[in-house]
Amino acid sequence: MCRIFGCLDQEVTPHHLRTLSALQRHGGPDAQVSRLLGDSAVGNNRLAIMDVDGGDQPYTELGGRIQVVFNGEIYNHARLRSELRGKGYAIPDECDGSVIPALYLEHGADFPERLDGMYAVAVLDLRGDGPTLVLAVDDIGMKPLYYHRKPHESRFYFASEIPALLAVPGVDPEPAQWSLDSYLATKTPFGEQTAFSHIRVMPPASTAVVRPNGELRIWRRGGDTPQDPTHDTTRDTTRDTTRRAATGASFDVSVRETREVLRGEVQRLLVADVPVSTITSGGLDSSLVTAFAAEAAPALHSFNIAYQGDWPADERHYAREVAERCGTVHHQVLADPRSFPDLLPDVVWHLGQPNADPITLSTYLLFREVSQAGFKVALTGDAADELFGGYDRITQALATAGDDWVDPYVEALAAVPSAMRTRLYTGEYRDYIEREGSVSSRLAEQLRTSRLDRMARLSEIEIGLRLPAYHLRRVDHLSMAHAVEVRLPFCQPAVVRLAGRLPVDHKVLGDRRKRVLYAAAGTSLPRSVLDRPKQPFTLPIQAMLRSGEPLLDFARSVLSPSRLRRDGLLDPAAVTGLFEHQLQRPSATAASAIWALLIYQLWIDQFGVRRWAATGQGAVR
């Protein structure tokens, strides 16, 4: 696991590369290296997980004419190494990424088709008339890769994190014109575009080739896919999840297969040359991962986060019951809410763009403790809800007749309800959104016009767009902020394929969600965990945004009328009214809206995002 960066640019200097490296060192503290090779460069910050004493990057072939930097884990590297050595390639060590140069020479830009893992890879090919870059990311988007390329310019930069790219001269922190509305409509920008106009992210399951003249060709492995309504063309990552076979398998068969496949993937991901731990929230998904991991890893360490004081939806006792049942060495992390105002700017900086999920703060604190306890790897239960139908909005969408499900489903994705968003915007920004069309309306139009069945349409959004943007990038950035590699059993291809084959009613039936997953848990988990009502693993912001709490005072300071007038996007009077509503009649809706606006304003402050009011609408175009 690493952080990677590089470029095609005639004007790049060692200073530029040092800056890119320094801004990502938190994710790769074990080694830092960069190579300036004429008009191109690659670099790496290493977090040593496999073959700790080997695995030096860049990996090379042909006397250095092939240079590779790599972030992630390749789980089938032993088989690939054996095959490639059998064909005469000399692979110097047992590190998983060391197979990539030979694999590229053997298969060219199709080499990612042979990889099983989570990865972002950059191959710099110095053969021919000029340097060529080949970039690739894994099929579901576990390892993000961002890039900067302005139209009609030949220079091209890439990095594992947005803040590193923003340090490159010429990369302006110019917001995409629709970024605020997109963020409030879906909690973070979906698709290839980020909240910055000139920074994009590689879509899941994609490969890109960048030529010396700056020409960029990017494609999704497996074929063309529908257009992403949130901004640009995005390749769908649902693949098998939207091509469900009518297998006719009984529910009991599905349960056995789910249990076997998930157990196998969990235990496969325990292989590392450093200590491995699990995150145990107290819910079904992470608890089941912990149970299966504990079967194969004696004295497994598990981690849970809770908050000092008496707060609603406290899950620590469920996590403790799971730890006792599984025999793990359990770590109870207690976060002090008084520290949150000081931590939030760091959280927003590491994310690089706004994410409205309050779990971001919890995630940041939790992985800080995992790192301080001496662990470089943690397994989590992320993605189970998307694959197995774990959200209320999915069950409600499946249960509603006709197309009446579309608007409520799209509304459920939002950080702030559409009617409230309209009231919060300034007149100028409201007019712009009405003229250009909202992200919510584009999503609704895609869902209504799709020819896929309803579950497949939901999967296009949940797995193809929301999972990589909203969940996986958050997990990656906030774990690697503390040099912790997160491994995701539910994102493994075998689990994704299995979930895609299951009949819908094996996942969702009436108001019963994740049916097959609950049944697969069997006797592995305490009855209390299986019978408890579902609740999100998140921060209790409604209770924390009340009079006398430091988080409320901090939010009012950040969202002060003078700051909002300066930026020109939000109506100061409407935001003041939102705070008054929360103080007089506290609600989850108002609290979520305040939190979302707070995060967006912190993002503006952290990166010096150009203000709408500074030059009118042109400032965000």
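Trainee: Why are helices α9 and α26 called roughly perpendicular to each other?

Mentor: Happy to walk you through that one. In this predicted model, the axes of α9 and α26 (residues 588–607) cross at roughly 75° and come within 9 Å. Angles from 65 to 115 degrees count as roughly perpendicular, and therefore α9 and α26 get that description.

Trainee: Which residues make the contact between α9 and α26?

Mentor: From α9 there are Leu 344, Pro 345, Val 348 and Trp 349. Helix α26 brings Trp 595, Leu 598, Ile 599, Leu 602, Trp 603, Gln 606 and Phe 607. By class, that contact has 10 nonpolar residues, one polar and no charged ones.

Trainee: How do you know that the end-to-end span of α9 agrees with what it should be?

Mentor: Helix α9 covers residues 340–351, which is 12 residues, and at 1.5 Å a residue it should span 16 Å. The C-alpha atoms at its ends are 16 Å apart, so the two values agree.

Trainee: And what makes the buried residues of α9 line one face of the helix?

Mentor: Start with the list: Phe 340, Pro 341, Leu 343, Leu 344, Val 347, Val 348, His 350 and Leu 351 are the buried residues of α9. Looking down the helix axis, you find them within an arc of 165°, so they line one face.

Trainee: Which residues of α8 are buried?

Mentor: In α8 (residues 316–326), those are Arg 316, Tyr 318, Ala 319, Val 322, Ala 323 and Cys 326. Around the axis they cover an arc of only 160°, which puts them on the same side of α8. Their packing partners are α7 (284–296), β14 (301–307), β15 (329–335) and α21 (527–531).

Trainee: Let's turn to a loop residue. Why is Ala 167 called partly exposed?

Mentor: Its relative accessible area is 35%. Buried would need under 20% and exposed over 50%, so Ala 167 falls in between and is partly exposed. You'll find Ala 167 in the loop between α4 (162–166) and α5 (179–186).

Trainee: What does Ala 167 touch, not counting residues up to four places away in sequence?

Mentor: Ala 167 touches Thr 19 and Leu 23.

How values were computed: Residues numbered from 1 in each chain as written. Predicted model: local features only at pLDDT ≥ 70, side-chain atom pairs only at ≥ 80, totals over all residues. Heavy atoms only, no water. Helix = DSSP H or I, 4+ residues; strand = E, 2+ residues; numbered from the N terminus. Expected span 1.5 Å × (residues − 1). Buried < 20%, exposed > 50% of the residue type's maximum accessible area, 1.4 Å probe, protein only. Arc of directions from axis to C-beta. Axes fitted to C-alpha atoms, helices over the stretch in contact; angles between N-to-C directions. Parallel < 35°, antiparallel > 145°, perpendicular 65-115°, else oblique. Contact = heavy atoms within 4.5 Å. Nonpolar A, V, L, I, M, F, W, Y, C, P; charged D, E, K, R; others polar.
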